[in-house]
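The sequence and the structure are shown below.

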Amino acid sequence: SGLEPLAWSEDHRVSVSTARSIAVLEQLSDVHSGGQDMVIHRTAVPAPAAACMLKVGPKREVAECKEKFASSVDPTVSQTFMLDRVFNPEGKSLTPMRGFKYSSWSPLGCDANGRCLLAALTMDNRLTIHANLNRLQWVQLVDLTELYGERLLEASYKLCKADAPCGELGDFPEFQRRHSMQTPVRMEWSGICTTQQVKHNNECRDVGSVLLAVLFENGNIAVWQFQLPFLGKESITSCNTIESGISSPSVLSWWEYEHNNRKMSGLIVGSAYGPVKIIPVNLKAVKGYFTLRQPVVLWQEMDQLPVHSIKCIPLYHPYQKCSCSLVVAARGPYVFWCLLLISKAGLNVHNSHVTGLHSLPIVSMTADKQNGTVYTCSSDGKVRQLIPIFTDVALKFEHQLIKLSEVFGSVRTHGIAVSPCGAYLAVITTEGMANGLHPVNKNYQVQFVTLKTFEEAAAQLLESSVQNLFRQVDLTDLVRWKILKDKHIPQFLQEALDKKIESCGSTYFWRFKLFLLRILYQSMQKAPSEVTWRPSHEDAKILISDSPGMGSTEDDQEEGTSKQASKQSLGDTGKGVDIDDTAEDSLHQSSDTGGREPMVEKLLEIQAQIEAVEMHLTREHMKRVLGEVYLHTWITENTSIPTRGVCDFLMSDDGYDDRTARVLIGHILKKMNKQTFPEHCSLCKEILPFTDRKQAVCSNGHIWLRCFLTYQSCQSLVYRRCLLHDSIARHPTPEDPEWIKRLLQGPCTFCDSPVF
């Protein structure tokens, strides 16, 4: 359902607007699974059960006015009122307005877990913000439609005090005006900006904030400012309303431009009649932000080509040697583009249209913000890829056709979205025409198409400026698939990664190496013969390898040829398994000792490499924790972090010689002045020695898991886990100092995943 039913967030979640809910598909690069398929976790944001009634006045007066308009003898009033679903969201004799009209993802780092918020607009005009706080359940944080209605009611439905007094609610034009000024059309999030907050002691501290712009039916734009992390109604800082002056607005997008370390922003608004212009946004108290002095018209012709979608892409101009903004808008079957750059002469605007792309109107458009590639699709199953190429004056587009019919057969397309790093294109499809006939039933599916090769994904991961595996899940998924398919790490990738580790030493490359080794280990594992979750009904419990039903060595030798042939035919139709792989698989599955020993040795070797990389990452994080301890503690102060145990653990290995660690530990031990501050078991009060980074065991055998962020023992029985179940972390407590709370906000030290 809705206008643009697909949206892909920065934290790799795809939202699909439907008639019952927003289905959220989260892509995971699972290191614990040996399957080559994409791993997707699915959750849902349900549609509200009750219809949304906009606040236009006192309830009793509104009910009387509705009855008056419905029974009016003037057909222009009664029919307009009865057929307008904004006035009658519950429907009565009409079909109910169930489902979602539009959804929009915030930037990364806006909710309490440092992930994206979801703004959802229902068909009956309810605008809400949701967060996925406890991993599998979505929670509604605030209803902005209700809050905005209350603000308008307090202001007597006037934007400013100088406005003329509004008319009576019993007048039908006034009734329409009050509804149109709070009926949302679209909403879009800005990037994260910094505001300054004055503390009680008159010190200023930087606080992150994000803006949500909401476009209304009458052309007004409400700009909500939220303090981060967004927790609910109490996190709303302000709400300002801007008059855009555009009649019949259809779409909205943020324009954010950076020039000489000065950030400028505005709102791009498109009309159903054709015009497109940028509206200035005055961001009060936002550090380093500037705005336009007056609106900038990008396209002014009222040519009746409705603006369906707008994307703004920041790029670097290779000829002008400066940053610029590329604005693209879908107008009917055409793509309107506008290049904006600031020079000494002022703001330069170049615009044109790309024609000959589609024979039908564009139903969806998406953009890869890393390289500026734009994708458009029409309902006939044709997707166009537009690549911007700069010229001396402005730019031109190279475009090529992606025929989905060659991949999926005859299909109709309803929406597209590109992944954050441009590795995948998600497409909503239904069956197309067969033998000139439309299908009887429509089955909506979300299809995923790869846009990059494995080599391109690996190169992008190696040269990444983000240096975070979680933010590049779409790229790591392609690498994961290749290693699971070939059962080895390609030589060029291994050599390039080793070179990066030697020259740079960044922990990002160590985490990437750990990821590759874990996937390689999974590819070597023998697949279970039965489904692991299915319960066994056998009375006797025997080892699978010793069970008589598994067949003897002779059976394996006799059936070796048939097994290999069947696997090869499966590979031809399915995953493309090579002949060498199938032979290798049959070698793994044979119970011959000579064939099994090299595989066991290989697995043990990979396991040893995994443990070595994990230990290196653990030591690097221990150094960071000890650095925080040294900076934020006084002499002989108990920090609740097992500082002495961490120091002894780091120095226990004779082969580990890190001068930085030794100097840091020397300073800390001098500060501690022979104090040890050991942890004690909460059950028996015995000392918990620090002998293992993953768990603490007291002398009475009580086992407590250790927090991987602070190395404290988690003795509350309630703790958090990272997204890939790599590690566990404790919850922050009120008595924790700020620096420990900051440590506990960090991602997983092994896979960069957020912690729940």
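## A buried glutamine and its surroundings

The side chain of Q472 reaches the backbone oxygen of N468 at 3.0 Å, a polar contact, that is, a pair of N or O atoms within 3.5 Å, where within protein one must be able to donate a hydrogen and the other to accept it, and residues adjacent in sequence count only if both atoms are side-chain atoms. The model is predicted: local features need pLDDT of at least 70, side-chain atom pairs count only at pLDDT 80 or more, and totals for chains, interfaces and linings use all residues. Residues are numbered from 1 along each chain as its sequence is written, and side-chain values use heavy atoms, with hydrogens and water left out.

Q472 is located in the loop between α6 (454–462) and α7 (473–486); helices (H or I, at least four residues) and strands (E, at least two) are DSSP runs numbered from the N terminus. With 3% relative accessibility, Q472 counts as buried. Buried means under 20% relative accessible area, exposed over 50%, and partly exposed in between (1.4 Å probe, protein chains only). Leaving aside residues up to four places away in sequence, Q472 touches H12, C421, Q460, L461, S464, Q467 and Y508, contact meaning heavy atoms within 4.5 Å.

## Packing of α7 and α9

Helix α7 packs with helix α9 (residues 507–524) at an angle of about 35 degrees, their axes lying 9 Å apart. Axes are lines fitted to C-alpha atoms, for helices over the stretch in contact, and angles run from 0 to 180 degrees between N-to-C directions. On the α7 side, T476, V479, R480, I483 and L484 make the contact, and on the α9 side F515, L516, I519, L520, Q522 and S523.

By class, this contact of α7 with α9 has seven nonpolar, three polar and one charged residues. Ala, Val, Leu, Ile, Met, Phe, Trp, Tyr, Cys and Pro count as nonpolar, Asp, Glu, Lys and Arg as charged, and the others, Gly among them, as polar.

## Helices α2 and α4

In helix α4 (residues 172–180), the buried residues are F172, E174, F175, R178, H179 and S180. Their cover includes α1 (59–70), α2 (75–83) and β11 (204–216).

V77 lies in helix α2 and is buried, with a relative accessible area of 15%. It touches F69, S72 and F172, not counting residues up to four places away in sequence. V77 and F172 are 95 residues apart along the chain, and their C-alpha atoms are separated by 7.3 Å.

## Strand pairing

Strand β21 (residues 334–343) pairs with strand β22 (residues 346–354) in the antiparallel sense over nine bridges; two strands pair if DSSP finds at least two bridges between them. A hairpin of two residues joins β21 to β22, and L341 has N348 in β22 as its bridge partner.

β23 and strand β24 (residues 374–378) pair over five bridges, and S364 stands opposite C377 in β24.

## The chain as a whole

The chain contains 15 helices and 35 strands. Buried residues make up 49% of its 756 residues. Among contacts between residues at least 6 apart in sequence, 56% join residues at least 24 apart.
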